Amino acid sequence: MAEIRVSRLEQGQTKFKTVPIAVTPEGFWCCPSPTVFHKTIKTQQNPILNKPKSSLPTQTTLVEKKQTPVTEKKPSSNSTSSRTDNLTPEQRTHSSDEPVLNPPLTSEKQPRSKPENAPPRKVSIEFGEAKTSDLKVILLGKQGLAVKLSVHRSVLVENSDFFARKISGQQPIFPCLEIDNCEDVEIYVETIGLMYCKELKQRLIKQSVSRVLRILKAGEQLGFTRCVQSCLEYLEAVPWVGEDEEDKVVSLVSHLEGEGIKVKPVLKRVSPDISSNPPNDTFSHILELVLKSKDEKARREMKSIVLKLLRENNNNNNLPSTSSTSSDSCSETIYSSCRISLDSLLSFFRQADQEVEKIKSLEKSIALEADNLLWLLDILLDRQAADEFAVIWVSQQELASIHKKLPVVSRRHVSVITARLFVGIGRGEILPNKETRYLLIKIWLEALIEDYRWLQHGCGPFDRKVVEEGIGRTILTLPLEDQRSVLISWLGSFLRAGDDCPNLRGAFEVWWRRTFVRPFGVAGETGIFPQADIPVGSGVGGIEGVLDCD
């Protein structure tokens, strides 16, 4: 809270200009608009705007007209000074409270000396009902801004614990309170003005959230409980636009919670009830709704949104809760959905195998379950928890055996899952053991090669280079003898199908060098072919030439 002290404003230190006051039926004196404050500060900071212009004669004329008797008598400056010195402190305070349109002409010629160590104050604002008030509150803010409020003790004592303590502690009672270093003069003025209102909430309706937060802070500092409660009711009801605004609300309101103020209605907007709705149960329900959606467009849109949100949570290490136990439980929820989708996919495959006439009608259901599995795999890959999925996939031998019997147009979506696993292993996103990697190639690579033509032209976006790189890198993780058997088998398929087969040329070259050029661990052996005999070329033809020479 800014420092408050009982003081008497020194004459000539600060000059106030009166602002027209609009009094409401409630007796509330309207605060100056923010523009008044900003224009005042801007005017005082720009010395060019403060230079006397053509309006100076008019001001002089006004002063002369009001001081006609003084002009006729032409009293000396000494008499004026002696008359001021004879004033009592109370009379001097009262005279300083009156609005000053212009200082006397003599003060322009002979500027008054300012008290030592007193910071220069600039012409600012005075408002309130000076005739009926019994207390002056002076707010001294940054950049020399000073505001004088003509208020009533009873109103301040009734509404503000802060002012009640300060006023009750005055011995003797002084007519003026001065608050130094006021951080937000504009909002302090408005908050004190709100003490004259009966319905505070109505006054806040047209305000912005950021301004109400400033009022809430000032109200809390002044101990204005009624204002704090009205601001909280406003924040509980009004929408918060954007994360920045939400963070500001939560930060300030959470701070008030530590001071015993009831803020739960506001914080409930961002605080889930974990006891009644555990996060994992909610997450499981969302997965179920998305996976069982019948509208394709809505389903794809929600899959994209949920995946994006989960990735954001992964980056914050907060999916959907921060504890490792809850994270493991969430992974189990995803794998439970994977098993359900796999069971459905296998059921559809069996029906298509047993009842050929139903294959056409089952194509959509097969594609849906395959897409669901691919989406769940993407979630697991983002969470670095897809190793078990690879184990589950290589155990689907019945699915793979039926896959060979069905038309390519009906089964091709399943091969997309295999391709995604190869890409994940090639990128290091999945680290299955050697046996799992070998079974993945043995059980599913042939099916992928057979569907490759359809994958390139009939399964939406398909990055051939990424898939081929993933397959090649996965093969090269196997023992060299397994690499040989897999790549020799691939070579026969590639020579028959050409572009309709994955091009694993890069993996083939690596295997060739490992085998024939620089075999590792064979003492005294340099390979079958000297390294200089390897033809230099970038096309498949170079490798074929070597094979022909052999």
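Helices here are DSSP runs of H or I at least four residues long, strands are runs of E of at least two, and both are numbered from the N terminus. Keep in mind that this is a predicted model.

Start with everything selected and colour by secondary structure: the protein comes to 27 helices and 6 strands. Switch to a surface next. The protein exposes about 31,600 Å², and carbon and sulfur atoms supply 52% of that. Of the 550 residues, 40% are buried. If you draw contacts between residues at least 6 apart in sequence, 71% of them join residues at least 24 apart.

Now go inside and select residues 185–194, which is helix α9. How many of its residues are buried? The count is 10 of 10, so helix α9 is largely enclosed by the rest of the structure. Show the side chains and you can go through the buried set in α9: Val185, Glu186, Ile187, Tyr188, Val189, Glu190, Thr191, Ile192, Gly193 and Leu194. Note that Glu186 and Glu190 are on that buried list too.

Select Glu243, Asp244, Glu246, Asp247 and Glu312, and you have a negative surface patch. Which helix gives the largest share of the patch? That's α13, residues 242–257, with 4 residues.

Last stop: pick Glu312 from the patch. Glu312 sits in helix α16, residues 296–315. Is Glu312 buried or partly exposed? Its relative accessible area is 40%, so Glu312 counts as partly exposed, a label for values between 20% and 50%.

Definitions and conventions
Residues are numbered from 1 along each chain as its sequence is written. This is a predicted model: local features need pLDDT of at least 70, side-chain atom pairs count only at pLDDT 80 or more; totals for chains, interfaces and linings use all residues. Side-chain values use heavy atoms; hydrogens and water are left out. Patches are made of residues with over 30% relative accessible area and no salt bridge: like charges are joined within 9 Å, nonpolar side chains (Val, Leu, Ile, Met, Phe, Trp, Tyr) within 5 Å. Accessible areas come from the Shrake-Rupley method with a 1.4 Å probe; for residues, only the protein chains shown count as cover. A salt bridge is a side-chain nitrogen of Lys or Arg within 4 Å of a carboxyl oxygen of Asp or Glu. Lys and Arg count as positive and Asp and Glu as negative; His and the chain ends are not counted. The place of a charge is taken as NZ of Lys, CZ of Arg, CG of Asp or CD of Glu. Buried means under 20% relative accessible area, exposed over 50%, partly exposed in between (1.4 Å probe, protein chains only). Contact means heavy atoms within 4.5 Å.
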